[in-house]
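Hello,

Here is the structure for you to look through. My notes on it follow below.

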Amino acid sequence: MLRWASLTFVLLLAVPVLLGTAISILPAFGYLPALGGNQLSLAPWLDLISVPGLTHSLSISLIAGIVTPLISLIFVFLFLASASGSKLDNWIRRLVSPLLSLPHAAAAFGLAFLIAPSGLLSRWISPGISGWERPPDLLIVNDTWGLSLLLGLIVKEIPFLLLMSLAALGQVNPAERVSMARSLGYSPTISWLKTVAPGLYPLIRLPLFAIIVFSSATVDVALILGPNLPPTLSVMILNWFNDPDLSYRFLAAAAALLQLAVSLSAIGIWIVLEKFTAYLWHRWLNAGNRSSGEILLYTIGRFGMPLVLLITAASLVALSINSFSGVWRFPASIPSSWTVQHWANAIPELLIPLTNTLFISLIATASAIVLVLSTLEYEHQQGKKSTMAIWLLYLPLLIPQVVFLFGLVVLSELLQWQANLALVIFGHLLFVLPYVFLSLSGAYRHLDPRWIQVASTLGASRSKSFFKIRIPLLLAPCLTAIALGMAISISLFLPTQLLGAGRITTITTEAIAMSSGGSRNQIAVWAIVQLLLPMLGFVAALYIPRILWRSRTGMKEIQ
Amino acid sequence: MTTAQLELQDVKISIDGLPLVEIDCTISGGEILTVMGPSGSGKSSLLAYIAGFLPPVFESTGKVCIDGNDLSDVPAQKRSIGLLFQDPMLFPHLSVAGNLRFGISSREKNKNKIIETGLKDFQLAGFEDRDPQTLSGGQKSRVALLRLLLSKPIAVLLDEPFAKLDTALRREQRKTVFDNLRNAKLPTVLVTHDHEDAEAAGGTVIELV
Amino acid sequence: MKRTPNILWLLIAVMNICLHVSVYADDPDLSNWQAIEDQAQGQTVYFNAFGGETRINRYLTWVASEVKSRYRIDLQHVKIADTAQAVSRVIAEKQAGNDYNGAVDLLWINGENFSALKDNGLLYGPWVELQPNFALVDADKNPEMREDFTITTDGLESPWTRSQLVFYYDSELLKTPPNSIREILAWADENPSEFSYPRPPAFLGSTFLKQALLELAIVKTPLYLPVDDSDFQSVTAPLWKYLDALHPKLLRAGRYFPSGAAELRRSMADSEISLAFSFNPNEAALGIANGELPASTRSYVLQEGTISNVSFVAIPFNAQHKAAAMVVSNFLLSAQAQARGSDPEYLGSTTVLSLERLSIQDQKFFQQLDLGPAAPTNDDLSRKLQEPHPSWMGALEEAWIQRYSAR
């Protein structure tokens, strides 16, 4: 039974992604019989080259793909390096998961509301400090070089990278290494960077690659914050795919392959950067500097993370104010009247998307957790780590969504599958699986093996050990993994949009549909609903074990 | 209680081709075999082998038999071989009674009575609903031992069970454990690096290199 | 273990069924409206319509509750960002050979989108003139009810709302608004960053291009004929010259264009710009009513007239619930639905009904509407321009994208 589950797991990850990508390849070369393309040709590529602004779009995508992980990495590492176990640090570690649950779209909206020329920040400094009676004519959001896009991506990816790093940190003994270095005279931040960072980096390499791919190929964040003239490549692909003139599909397919190439190039450039940095790092290590640069590094580490949190918090404030604001003319700092009308208007509209969102995320995550637990348990019983390459696990995260989803949609049209919940749930499962696995596998594999050994020696069957010992001991990580899975599903846009043919509405699809036309207030309401849901999941994950084990002090250590 | 015989027939455990443990002996009911050796000499892997969860990275040959029954194809949970670790390993999410109940066969009718009697015998009367974490070191060890005995093992393995106890407690606990095991006539394998343990065990001592 | 392979096959079979679950399309009897109404009972209608405006969504929620209580029809508003998306889907379904299980039952449509579907035979019909309420639009007196951007509707699409391009401005910031396209440029020259227009191919943006071209083109007649019949370059040359001069004077110096009417209104509300426009003549009045726009906002129509059109609803050839779609369309033409549509709380749009055809009681409701000083006068609204041939829209959009979508 377990073997079939883990087999399903592997197939579920690999087959749709590879199949989807493959199906995208043929139309890129002119072959799609349904559209009358019966011969391979390079015509789509010729069309692609003549698209105005293509180079600019490519550059933005490439830059986003490299700068986002770079800055995120710097901030996260410096934060960990300068962390001293203070209250603030513990706070931040606890906040990481809920922050992670902030859907990309909601975070992007909030940021847009914050930094726009007529946004919250601008209103707070006007007219007092800035002297503006009317909003300045500055291109901030949707700026041509994608800086807002970068900011939006970085603010979202830092919690993710931090989570992955914290999960991996247990394997590198940071405390011991740092004490060792400090006893040799190295300042604290430098110690961490010299002794722990080189060991930690390989463990978070794959999450970094996932960040590269996402940043270079995102659609939802690019729609909200990215440049318009021209937009990023991924947005162009979506537009061409949706064009009523179906001959644009060839162009879309070619562009999708180009997008794949861009993302892979970004990874390639990153690897080159890795080598170069490794070389520099070695020289730095060997130079034996004990403390030069300590202050600068420490400051960035200390203040960087709180700054990111501050931006996120401010974005949330911006969203909240907007959702309750009545009349709010520039440059008033707060609305001159407050109203619940926006919420009242939204509630009847919310019911169906909310139900769909909850249903889809519950089923997708429940399936994911069953598959992941089966796979992990099978692996445990076989006594060896899965031979399944971890790359397979990451596959849906390493190939741009827009590339293989396109193929899946074409496939489903050919097979005349009805766009319905089943298909959308399946699409969500693809993305939820890797995150649930990553979140749970560390805790699962590192559970003290003696617990199960003791249980076996006491005569417990394998399933009794699993259900009565392993699961209770892993309750907190399981709940966190479930919360994470649901958060991922809730925030998905493209899979629901494409596989659901627009008929399956979720909170996220509605919010993004609003963004192209709705009032700021309405968008704010939807964005808040969008981010409250996963937050509830994480709160539950945090408090359910506490309540359950309130008279079991030993359980606190297990977590 | 029937006495059983634990046989280790030509047991050889190696890793990467390098031999770790070579042992061939028989332990009768009530006897304690002491295995001693420095860290890394394979003592714990021997116990893992007997219990049935030797990691696949090790290679092993030979047989473990109880009363002549070959245990090679019997999974760990069916071997009825008890195990005490250095840490008491009391399940933190279960109460003391919950821990004790875990090992009692589902066919037993009077579980509560058994638990009550057992706790009384071990000077832990009334501890049923206690949170295991709140017990003292000595109390935890006693509960661990009781839990093991209540699961009616036919052989027992001890993996340096007294290493984390202070001297006075160690002597006391050692006496409790050995007395109980001898009374129950259980063949026991003790792994330790403490010579006092070996002397108190009073059985054959094997030194691993 | 031997049992598991069977479970796997069962799973695959179940999955396959789930993915193919569908209801086969109905084939309404067009000679008998009562039969159509009967057939419509209990059906679901997937109505693909722009979903970016709360007002529209609220209106359709009301329509849904009405058709639910009258006909037990379950109306689902599929919110799309642009009609092109729904058109794209219908075409894709045709290409895939999906003739009975269309995802779209009813769509809000006009202009080039209509012409795209009509030319490819992708619309169901004719059915429109069978609707009992169709008589209320008095199509003989109002030929625009049967014509969509110069293309005849041939009973394939039913009228729903009227629109006219109306400009609005903040009278506190702008004392004398420009009265023609050329005046707009002159004014923008003196007052940069006070104006913008939505980015084509957004409907409103493309309409601005057409409006501008109608004024700037030396000869207008080619615009009412297919674009291929004319020398596109020379006809549109004045337009590009105009835009080249205008863009640097726009908000954000033309490096960013708003996405549509709502964003344009938002810019206005934030006092980023002082002049904007919309297809809804009551945009300003509605904006003031809900506190978005300042009370000093006023609307007007350009001196030489602005583009006016009718938008329709149509049924794709492969719709699964044609009967119910027709019933919904008929309801949309009812006095009650049209009156609710004119209500500023809901669509706030202009009715397609001919008031003389209504009962005295129904007429009263329409005349009661007083939208305040911010609404354009009837005199304003009488200056209408006809929409050019739909083929011009696509051509203009593509040309704009080629010229301006990269910097």
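Strand β3 (residues 32-36) and strand β8 (residues 188-192) of chain B pair in the parallel sense, over 5 bridges. Two strands pair if DSSP finds at least two bridges between them. Strands here are DSSP runs (E, at least two residues), helices are DSSP runs too (H or I, at least four), and both are numbered from the N terminus. One bridge joins B:Met36 to B:Thr192 in β8(B).

This is a predicted model: local features need pLDDT of at least 70, side-chain atom pairs count only at pLDDT 80 or more, and totals for chains, interfaces and linings use all residues. Residues are numbered from 1 along each chain as its sequence is written, while chains are lettered from A and ligands numbered from 1 in the order in which they are written.

Back to the strands. In chain B, 5 strands form an open sheet with parallel pairing, in the order β6-β7-β8-β3-β9. Its edge strands are β6 (81-84) and β9 (205-207), and each pairs on one side only. From one strand to the next, the twist averages 15°. Axes are lines fitted to C-alpha atoms, for helices over the stretch in contact, and angles run from 0 to 180 degrees between N-to-C directions.

Now two helices of chain A. Helix α15 (residues 341-382) packs against helix α24 (residues 520-548) at an angle of about 40°, with the axes 10 Å apart. α15(A) and α24(A) are therefore oblique to each other. (Angles under 35 degrees count as roughly parallel, over 145 as roughly antiparallel, 65 to 115 as roughly perpendicular and the rest as oblique.) The contact includes A:Trp343 and A:Leu350 of α15(A), and A:Trp526 and A:Val529 of α24(A). Residues are in contact if their C-beta atoms, placed from the backbone, lie within 7 Å. By class, this contact of α15(A) with α24(A) has 7 nonpolar, 4 polar and no charged residues. Ala, Val, Leu, Ile, Met, Phe, Trp, Tyr, Cys and Pro count as nonpolar, Asp, Glu, Lys and Arg as charged, and the others, Gly among them, as polar.

Next, where the chains meet. 23 residues of chain A are in contact with 23 residues of chain B. On the chain A side, α19 (449-457), α20 (462-473) and α25 (554-558) each give two or more residues. α19(A) gives the most, with 6 residues. That side divides into 10 nonpolar, 9 polar and 4 charged residues.

Last, a loop. B:Ser105 is found between α2 (96-103) and α3 (111-121) of chain B.

Best wishes

Notes. Two residues are in contact if their C-beta atoms, placed from the backbone, lie within 7 Å.
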